[in-house]
Amino acid sequence: MKRLILSLSVVGMGLFSTAAFAQNGVYLTAADFASKKLSYNDVNAHIPFRYGKVKVNDGNRTLLLDKKDVYGYRQGNQDYRIIGNHSYKVMDAAHFPIYSRVVETSKGKGRISETQYFFSAAPGSELQPLTIANLKRAFPDNDRFHQLLDLQFRHDQELVWYDDFSKVYKVKSIYTQAI
């Protein structure tokens, strides 16, 4: 009997902790995103990207927010940033955010899905393609970072390499060494 109660309590704690962290909601500003402050907490944030509105179901009522008034949203344990009619997945937010977006491109006679990567120097700043030159322009006073980028990476595609052992993107590791 004690084993059964102990097992049920452990399972219950696991379910409770998963539910506590798997919140959906909307970030109204970049400051809200930086502090992880969700508005309309514990809601189902349905984001239709064809229109200029974000539809948020808040319990018994449905709200329509202008996209220009919304920074991003959280769905499950994943954050997204909204810019125009597109959502960008936040891959890593430490130091400077890295984003990704899957787009369809033409290759020969067909279309393929391709992941493009972006970054911003701060959570509220403009998105730029993740390239070595753009990183240098975004952090012009960090000469050490420039040198480490040149030493570590030959091509822009290498900037999204992930170190499984350290659990960090290599470009973030280099930036941490440079500051």
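In which loop is Lys36 found? Lys36 lies in the loop between α2 (30-34) and β2 (44-46). The model is predicted, so local features require pLDDT of at least 70 and side-chain atom pairs pLDDT 80 or more, while totals for chains, interfaces and linings use all residues. Residues are numbered from 1 along each chain as its sequence is written, and side-chain values use heavy atoms, with hydrogens and water left out.

The protein has five helices and 12 strands. These are DSSP runs numbered from the N terminus (helices: H or I, at least four residues; strands: E, at least two). Of its 179 residues, 34% count as buried. Buried means under 20% relative accessible area, exposed over 50%, and partly exposed in between (1.4 Å probe, protein chains only). Among contacts between residues at least 6 apart in sequence, 37% join residues at least 24 apart. A contact here means heavy atoms within 4.5 Å.

Seven strands form an open sheet, in the order β1-β5-β6-β7-β8-β9-β10, with antiparallel pairing. The edges are β1 (25-27) and β10 (128-129); each has a single partner strand, so one side of each is left without a neighbour in the sheet. Strands count as paired if DSSP finds at least two bridges between them. β5 and β6 (residues 78-83) pair in the antiparallel sense over four bridges. Gly72 has Arg81 in β6 as its bridge partner.

Strand β5 (residues 72-75) also holds Arg74. Arg74 is buried, at 15% relative accessible area. Its side chain makes a polar contact with the side chain of Asp79 at 2.9 Å. A second polar contact, of 3.3 Å, joins the side chains of Arg74 and Tyr27. A polar contact is a pair of N or O atoms within 3.5 Å; within protein, one must be able to donate a hydrogen and the other to accept it, and residues adjacent in sequence count only if both atoms are side-chain atoms.

Tyr27 is itself buried, at 1% relative accessibility. A search of the whole structure finds 11 aromatic pairs. Rings of Phe, Tyr and Trp (its six-membered ring) pair if their centres lie within 6.5 Å; planes under 30 degrees apart count as stacked, over 60 as edge-to-face and the rest as tilted. The rings of Tyr27 and Phe33 have centres 5.4 Å apart and planes at 90°, so this pair is edge-to-face. Phe33 is buried, at 2% relative accessibility. Lys36 lies over the face of Phe33, 4.3 Å from the ring centre. For a charge to sit over a ring, NZ of Lys or CZ of Arg must be within 6 Å of the ring centre and within 35 degrees of the ring normal. Lys36 is partly exposed, at 41% relative accessibility. Its phi is near 60°, a positive value in a residue other than glycine.

The largest nonpolar core has 17 residues. Such a core is a set of buried Ala, Val, Leu, Ile, Met, Phe, Trp, Tyr and Cys residues joined through side-chain atoms within 4.5 Å. Phe96, Leu135, Phe145, Leu149, Leu159 and Val171 touch the most other members. Helices α3 (132-138), α4 (143-152) and α5 (170-178) each supply at least two residues of this core. The largest share, four residues, comes from α5. Apart from this core lies another, of nine residues, among them Tyr71, Tyr88, Val90 and Tyr99. Beyond its neighbours within four places in sequence, Leu135 is in contact with Phe96, Phe119, Leu130, Phe145, Leu149, Leu159 and Val171.

Phe96 is buried, at 0% relative accessible area. Phe139 is buried too, at 12%. Their ring centres are 5.3 Å apart and their planes at 55°, so the pair is tilted. Phe96 lies in the loop between β7 (86-92) and β8 (98-107) and Phe139 in the loop between α3 and α4, so the pair ties together parts 43 residues apart in sequence. Phe96, Phe119, Phe139, Phe145 and Tyr175 form one aromatic cluster. The charged end of Lys172 sits over the ring of Phe96, 4.7 Å from its centre.

The loop between α3 and α4 also contains Asn142. Asn142 is buried, at 14% relative accessible area. Its side chain reaches the backbone nitrogen of Phe145 at 3.1 Å. Leaving aside neighbours within four places in sequence, Asn142 is in contact with Tyr175, Ala178 and Ile179.
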